[in-house]
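Thanks for coming, everyone; I would like to walk through one model this morning, starting with a pocket and ending with some aromatic rings. Please have a look at it first.

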Amino acid sequence: MNTEYLNIITFQKIKFNSKGYIFFLSFFFFLFSITVFAQLQVPFSQRYDAKINGDMTVIANNILNRIEKRNSPNDPYNDLTFENTSNDDFDMEYIDIDSDPNTFSSSSAALFLRQEETKKIKFAGLYWSATYKYESGYKIKEKFYAYDNDRKNIDEVLLKLPTTNQYLPIKGKVIYDGHKNKPFKDQAPYVVFADVTDHVKSLENPFGFYTVANIRATQGTLSGGSSAGWTMVFVYEDASMPENYITIHDGFGGIFEESEDITTFKFDSIAAGKINVKILCAALEGDQRTHGDMVFLSSSTKPKLSNLRTKTRYNSNVFNSSITIEGEEYVYRIPNSRNTLGYDTFMTSISNTDNYFVNNSTNEVYLRVKSSVDRYFFFLTALSVGSPDSTKKIKQIDADHSVSLNETIPKTSNPDFKEITVDTEITNLTEENDEPISETESNLEKSRFINHPNLKKGYYLVANVFAIPSNSRKFLKELELKGISANFFTNPENKYIYVYLGYYDNLEEAQKQVDIKTRRKYKDEVWILGVNVK
């Protein structure tokens, strides 16, 4: 399990004089005032809250991809190395993974949880967002022009639920549309929300791939870059889990140059024991290589600003065009691009060692965002706060994997403030029930299961999943050219094509091959699929 952490930035006063007093007032004003340069276009408000035995989770995907001669927009875009190219230099085109003539854009992401049979969905909220000044455009010598100046309705999309073949029409509520807003007219960003809880609850099994189609965005090129995507937030109940307070807030803020107070999460304080904290955020138009976008948190008992970062997100580039859960790229997507070209969603646990950040008297957490270089549009955030399950024991399983980080705050020129060194320890932990968890059982955490009448019982190492047969054939050909042997099958439940690198009749051997043999030639993500084993 990856433990994410906050880089705590603390300033302490060591003497008090007239000069220091003036500096303190100006610093206080910087921290707690809202400047005229970074105003919320739509103030954030609470969309949903609940105190529940359960938790929240998220799935997401982008809906625009770059156009390249040798690749389709449906192919994953994994380039993280480009140095001098920003998103507005790319020609963009809709991703459209299905073969439905009624869709012009579509992408998928899967909802998977451990022990799904005990989970019950209580809330499902769908957000979609894009830059959409016109239908399509082009760029000549740093100037942008429209091919097609038309602009259609943004509040209607299509949603395909797991194990279903038909799309449902979804009409949402527009949270913000920047088309006629002067500060954002060049990009015209928008965000729309739809409560799809009843649709999800109607399913006998809500787990599997969700596909969202017909999201509108500008194709070609656009000043500032064109980007688009969708995010689904789920709240689920599980009687075997501890109680968590979950709150979801949305609004719209164009973040550039100045800091912005986004929202305050309020909750009942937890009387005693350890406290777990988890945060979720989504934003539009954060460039992968452009630093300067930051998220800060503070609590009612620890008012110092805390700079959020994770294993895959720098504290100076939190929104980096990726979709991650607990510091890992979420790969159960079609396409599963590592670089989502301006669309960002993440959910991560926050290290709260010894209840340092949120303690037993805390009842509020404040969220602030800032950008010093990279302009982005922030529209969604959520918080989960609760205690660990008292029926489970938590222990350190490998002391050699503990990492001690000693970070020194950059020196300030003011003599009345001193630099503070922060020690943050990250420890690999696992949860145990009262009965020991064997290695085989613990490995199931990253496994998925299906039944297939024509496949041999066992464990398959899946490298990729495709909705369009031609894309799977292209991928198989690429593997062949690299000297990698692979095969495929069609999942009868969702009709997707699964390309796999090997079959093993027991889980231990499959896991061994994931960790060792597979990495010799195939460097990208693989995962274990159990077939006919449950």
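The second largest pocket has a lining of 28 residues, and P76, N78, N464, F475 and D524 are the ones nearest its centre; a pocket here is an open set of points on a 1 Å grid over the protein atoms alone, where a 1.4 Å probe fits, with protein on both sides within 12 Å along at least five of seven lines, and lining residues have an atom within 4 Å of a point. This is a predicted model, in which local features need pLDDT of at least 70 and side-chain atom pairs count only at pLDDT 80 or more, while totals for chains, interfaces and linings use all residues. Residues are numbered from 1 along each chain as its sequence is written, and side-chain values use heavy atoms, with hydrogens and water left out.

Helix α4 (469-481) makes the largest contribution to that lining, five residues; helices are DSSP runs of H or I of at least four residues, and strands are runs of E of at least two, numbered from the N terminus.

Turning to the rings, F184 and F377 have their centres 5.5 Å apart and their planes at 85°, so they form an edge-to-face pair; rings of Phe, Tyr and Trp (its six-membered ring) pair if their centres lie within 6.5 Å, and planes under 30 degrees apart count as stacked, over 60 as edge-to-face and the rest as tilted. F184 sits in the loop between β12 and β13, F377 in strand β27, 193 residues apart. F184 is buried, at 5% relative accessible area, and F377 is buried at 1%, where buried means under 20%, exposed over 50% and partly exposed in between, with a 1.4 Å probe and protein chains only.
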